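The sequence and the structure are shown first.

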Amino acid sequence: MKQFWKQMLRNPSGMIGLIILVIAIFLAVAGPMVFPNSPWRMVQRPFLPPFTLASVPLGTDALGRDVLPA
């Protein structure tokens with residue numbers, strides 16, 4: 001194992017690969033701490049069926065826009 005690490009540290013492409021691997025592992029571990037909200041919350045469909053709110057009497061489309069033309 002010691003010889004493996006010696007060769008890894010001497011080889012430039014090995015070091016780059018090791019650095020990329022460490023960064024990927026760090027991001028996977030630190031990601032939920034940096035962004036605690038659910039990623040699915042951003043992409044939920046904002047569709048409202050007709051007559052659910054008085055402010056949008058015809059409901060909304062899949063993007064959350066009012067269907068009633070202004």
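A residue counts as buried when its relative accessible area is under 20%. By that criterion, 9% of the 70 residues of the chain are buried in this model, which is a predicted one.

The chain contains 2 helices and 0 strands. Among its contacts with a separation of 6 or more, residues 24 or more positions apart contribute 0%.

## Contact between α1 and α2

Two packed helices are described by the angle between their axes and the distance between the axes. Here, helix α1 spans residues 2-10 and helix α2 spans residues 12-34; their axes come within 5 Å and cross at roughly 100 degrees. Angles of 65 to 115 degrees count as roughly perpendicular, so α1 is roughly perpendicular to α2.

On the α1 side, the contact is formed by W5, M8, L9 and R10, and on the α2 side by P12, G14, M15 and L18. By class, the residues of this contact comprise 6 nonpolar, 1 polar and 1 charged.

## Geometry and exposure of α2

Helix α2 comprises 23 residues, and the distance from its first C-alpha to its last is 31 Å. This value is close to the 33 Å expected at 1.5 Å a residue. The helix bends by about 30 degrees at A28, and a proline, P32, follows within four residues.

How many of the 23 residues of α2 are buried? The count is 2, and α2 is accordingly described as hardly covered.

## The segment after α2

Is L63 buried or exposed? Residue L63 has a relative accessibility of 63%; the exposed class begins over 50%, and L63 therefore counts as exposed.

When residues up to four places away in sequence are not counted, P57 touches P50, F51 and L68. The C-alpha atoms of P57 and V67, which are 10 residues apart along the chain, are separated by 8.5 Å.

How values were computed. Residues numbered from 1 in each chain as written. Predicted model: local features only at pLDDT ≥ 70, side-chain atom pairs only at ≥ 80, totals over all residues. Heavy atoms only, no water. Axes fitted to C-alpha atoms, helices over the stretch in contact; angles between N-to-C directions. Parallel < 35°, antiparallel > 145°, perpendicular 65-115°, else oblique. Contact = heavy atoms within 4.5 Å. Nonpolar A, V, L, I, M, F, W, Y, C, P; charged D, E, K, R; others polar. Expected span 1.5 Å × (residues − 1). Bend = angle between axes of the 7 residues up to and from the residue. Buried < 20%, exposed > 50% of the residue type's maximum accessible area, 1.4 Å probe, protein only.
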